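Here is a briefing on one protein model, grouped by topic for quick reading. Please look over the sequence and the structure first.

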Amino acid sequence: MMEIKTVGIACDHAGFALKQFVKQYLEEKNIPYKDYGTYSDMSCDYPEFAHALARGIESGEVYPGIGICGSGEGFAMTMNKHQQIRAALCWSPEIAHMSRQHNDANALVMPGRYIDNNTARKIMDEFFATTFEEGRHLRRIRQIPLSE
């Protein structure tokens, strides 16, 4: 099982409904969280919230993070611009498992328009339950950040 500090959560307008479910899930599990926005379903620009969540993870304020937008792609692309972030777009529990086991994902991204609450619950259960395997995978993830 992954060591959870305080889960950071963020979304855009298309992910707002699913983020409300994620908050309920975390409260049921007694997992603390910090909400980086958005706080309504009014149209907004996802990078603002994706960057805020990524900075929270990088600073150690939260670990891990959960980001949600319509397809999940915008959040994943934005968060992965940060050198210390490994944001995994997961639409199934199996993808969530592999993203943790092989890639040590520190951010889970879900597609708010394409999964239901039950699927999101299964994805989060798997993401939180899976530990990083290390070994050959550690060597590989060390090669991900760009060296300047």
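β4, helix α4 (residues 93-101) and β5 form a right-handed β-α-β unit. Right-handed here means that, with the strands pointing away from the viewer, the path from the first strand over the helix to the second runs clockwise. Helices (H or I, at least four residues) and strands (E, at least two) are DSSP runs, numbered from the N terminus. This is a predicted model: local features need pLDDT of at least 70, side-chain atom pairs count only at pLDDT 80 or more, and totals for chains, interfaces and linings use all residues. Residues are numbered from 1 along each chain as its sequence is written, and side-chain values use heavy atoms, with hydrogens and water left out.

- Buried means under 20% relative accessible area, exposed over 50%, and partly exposed in between (1.4 Å probe, protein chains only).
- Ala107, Val109 and Pro111 point one way from β5. Leu108 and Met110 point the other way, and all are buried.
- Strand β3 (residues 65-69) runs parallel to β5, joined by 5 bridges. Two strands pair if DSSP finds at least two bridges between them.
- Strand β4 (residues 87-89) also runs parallel to β5, with 3 bridges.
- Valine 109 in β5 is the bridge partner of glycine 67. Valine 109 is also the bridge partner of leucine 89.

- Strand β1 (residues 7-11) is largely enclosed by the rest of the structure, because 5 of its 5 residues are buried.
- Val7, Ile9 and Cys11 lie on one side of β1, Gly8 and Ala10 on the other. Both faces are covered.
- β1 and β2 run parallel, joined by 3 bridges. Glycine 8 stands opposite lysine 34 in β2.
- From β1 the chain crosses through α1 to β2, and this β-α-β crossover is right-handed.
- β1 and β3 also run parallel, with 4 bridges. Glycine 65 in β3 is the bridge partner of glycine 8.

**Helix packing**

- Two packed helices are described by the angle between their axes and the distance between the axes.
- Helix α1 (residues 16-28) packs against helix α5 (residues 117-129) at an angle of about 50 degrees. Their axes are 11 Å apart.
- Axes are lines fitted to C-alpha atoms, for helices over the stretch in contact, and angles run from 0 to 180 degrees between N-to-C directions.
- α1 and α5 are therefore oblique to each other. Angles under 35 degrees count as roughly parallel, over 145 as roughly antiparallel, 65 to 115 as roughly perpendicular and the rest as oblique.
- α1 passes α5 in a right-handed crossing. A crossing is left-handed if the near helix is turned anticlockwise from the far one by less than a right angle, and right-handed if clockwise.

**Cysteines**

- How many disulfides does a search of the whole structure find? The search finds 0. A disulfide is a pair of cysteine sulfur atoms within 2.5 Å.
- For cysteine 11, the closest cysteine sulfur is in cysteine 44. The separation is 7.0 Å, too far for a bond.
- Cysteine 90 is in no disulfide either. The nearest cysteine sulfur, that of cysteine 69, is 13 Å away.
- Cysteine 11 counts as buried, at 0% relative accessibility. Cysteine 90 counts as buried, at 0% relative accessibility.

**Cis peptide bonds**

- The peptide bond from glycine 37 to threonine 38 is cis, with omega near -15 degrees. Threonine 38 lies in the loop between β2 and α2.
- Tyrosine 63 and proline 64 are joined by a cis peptide bond, with omega about -5 degrees. Proline 64 sits in the loop between α2 and β3.

**Loop residues**

- Aspartate 104 is not a glycine, yet has a positive phi of about 50 degrees. Aspartate 104 lies in the loop between α4 and β5 and counts as buried, at 16% relative accessibility.
- Glutamate 134 is not a glycine and has a positive phi of about 60 degrees. Glutamate 134 lies in the loop between α5 and α6 (136-141). At 44% relative accessibility, glutamate 134 counts as partly exposed.
- Methionine 42 is in the loop between β2 (33-35) and α2 (46-59). Is methionine 42 buried or exposed? Methionine 42 counts as exposed, at 59% relative accessibility.
- Methionine 42 and aspartate 12 are 30 residues apart along the chain. Their C-alpha atoms are separated by 8.6 Å.
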